[in-house]
Amino acid sequence: QVQLVESGGGLVQAGGSLRLSCVASGTVFSVNIMGWYRQVPGKEREQVAYITSGGSTDYLDSVKGRFTISRDNAKNTVYLQMNSLKLEDTAVYYCNADILDWSSREYNYWGQGTQVTVSS
């Protein structure tokens, strides 16, 4: 059983910062790609950023230069540092990860989501 547990969401004023964290726990042998998605009501979930096990990253164009994704492989944890937050960043943010179990089978997992609200 694997769980992704997010933390760090909340309410922040425009221009402020938040740091999201996501820990993979359970029967984890290794973690491949980890990423963050977000979703607002009535819209599809979109990928915000991802990071490979080797540290390569990519970002949604609208967050480039403001958000930074990083990971601690020893802790099976991924972070999303969000700076210069804008009203349009308001969403539920979800952690996602491709995780290998001890039989080398890979599964994709989602966290439960954490609300980020940016106010004016």
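This is a predicted model: local features need pLDDT of at least 70, side-chain atom pairs count only at pLDDT 80 or more; totals for chains, interfaces and linings use all residues.
## R71, buried without a partner

Let's start in strand β7, residues 67-72, where R71 sits. R71 is buried but has no salt bridge. The nearest side chain of opposite charge belongs to D72, and that is 8.1 Å away; a salt bridge here needs the nitrogen and oxygen within 4 Å.

What the R71 side chain does have is backbone oxygens close to its polar atoms: that of N32 at 2.7 Å and that of V31 at 3.0 Å. Setting aside neighbours within four places in sequence, the contacts of R71 also include I33, M34, I51, T52 and Y79.

## The nonpolar core

The largest nonpolar core has 29 residues, and W36, L80, M82 and Y93 touch the most other members. Elements giving it two or more residues include β1 (2-7), β4 (30-39), β7 and β8 (77-82). The largest share, 5 residues, comes from β9.

Take M82: beyond its neighbours within four places in sequence, it is in contact with Y93, L18, L20, F67 and V116, among others. R66 is also one of its contacts.

## Salt bridges

The count comes to 5 salt bridges. R66 pairs with D89, with the closest N and O atoms 2.7 Å apart. R66 is in the loop between β6 (57-59) and β7, while D89 is in the loop between β8 and β9, so the pair ties together parts 23 residues apart in sequence.

In the D101 and R105 bridge (3.6 Å), D101 is buried at 14% and R105 is partly exposed at 48%.

Notes: Residues are numbered from 1 along each chain as its sequence is written. Side-chain values use heavy atoms; hydrogens and water are left out. Helices (H or I, at least four residues) and strands (E, at least two) are DSSP runs, numbered from the N terminus. Buried means under 20% relative accessible area, exposed over 50%, partly exposed in between (1.4 Å probe, protein chains only). Lys and Arg count as positive and Asp and Glu as negative; His and the chain ends are not counted. A polar contact is a pair of N or O atoms within 3.5 Å; within protein, one must be able to donate a hydrogen and the other to accept it, and residues adjacent in sequence count only if both atoms are side-chain atoms. Contact means heavy atoms within 4.5 Å. A nonpolar core is a set of buried Ala, Val, Leu, Ile, Met, Phe, Trp, Tyr and Cys residues joined through side-chain atoms within 4.5 Å.
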